[in-house]
Amino acid sequence: MTSLPTPAPEEVTYCQRHPTVESELRCGRCETLICPRCLVYTPAGTRCPDCAKLRRPPMYEFAARDYLVLAATSIGVAVALGVIGALVLPVGIRGFLFLTLAIFGGTALGGGIAELLQRATRYKRGPAIQVAAVATLVGAAVIRLTLAGGLQLVAADLAVTLLLVIAAAVAWGRLR
Ligand SMILES: [Zn+2]
Ligand SMILES: [Zn+2]
């Protein structure tokens, strides 16, 4: 009479950092148990947070191509925004309603620019792309004022300046 082999009892393992999370995943470098909450994808495979820290996360690593694309995108967006801005936003626009709109417009614009630059650079972030976002906004402002009659007009242009400052702050925060 043959007996079926009894299956080995399933050994339940838990993530080392999250002791309540069942996991069989291990860091590809040190073999620490990791779970989807703490594992980090690197070009070399999945890593525990400690091993991942040994390398900078890929989203902070810029290749020469990324700098080129970033610069080209910034210039293109700055020119487009500057020209459109000169056409649709008269210098000296003012009033409580417009100040309110500047807050929402600035938030949307900053988020939009952050998204565009991230798409262009395969979702990079960090200082280079933050500076590019601010430079894009400053460039757009300079182009708009130049087309509208000169940079001295900035003094009469509080609402749009506010909009741009908000946009820069939003983009800066998103790209950190
Ligand atoms: Zn590890
Ligand atoms: Zn974990």
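Tutor: Residues are numbered from 1 along each chain as its sequence is written, and chains are lettered from A and ligands numbered from 1 in the order in which they are written. The model is predicted, so local features need pLDDT of at least 70 and side-chain atom pairs count only at pLDDT 80 or more, while totals for chains, interfaces and linings use all residues.

Student: Why does R122 count as partly exposed?

Tutor: A residue is buried if 20 or more other C-beta atoms, placed from the backbone, lie within 10 Å of its own, exposed if 12 or fewer, and partly exposed in between. R122 has 13 C-beta neighbours inside 10 Å, and therefore counts as partly exposed. R122 is found in the loop between α3 and α4, where helices are DSSP runs of H or I with at least four residues, numbered from the N terminus.

Student: What makes Y123 count as exposed?

Tutor: Y123 has 12 C-beta neighbours inside 10 Å, so Y123 counts as exposed. Y123 also lies in the loop between α3 and α4, and has a positive phi of about 60° although it is not a glycine; for R122, likewise not a glycine, the positive phi is about 55°.

Student: How do you know that the span of α5 agrees with what a helix should have?

Tutor: The expected span is 1.5 Å times one less than the number of residues. The 17 residues of α5 should therefore span 24 Å, and the end C-alpha atoms of α5 are 24 Å apart, which agrees.

Student: Which residues of α5 are buried, and what covers them?

Tutor: The buried residues of α5 are A159, V160, L163, L164, I166, A167, A168, V170 and A171, and what covers them includes α3 and α4 (127-148).

Student: How is the packing of α3 and α5 described?

Tutor: Two packed helices are described by the angle between their axes and the distance between the axes. Axes are lines fitted to C-alpha atoms over the stretch in contact, with angles running from 0 to 180 degrees between N-to-C directions. Helix α3 (residues 96-120) and helix α5 (residues 158-174) pack at an angle of about 35°, with their axes 7 Å apart. Residues in contact have C-beta atoms, placed from the backbone, within 7 Å, and those of α3 include F98, L99 and A102, while those of α5 include A159, L162 and R174.

Definitions and conventions
Helices (H or I, at least four residues) and strands (E, at least two) are DSSP runs, numbered from the N terminus. Two residues are in contact if their C-beta atoms, placed from the backbone, lie within 7 Å.
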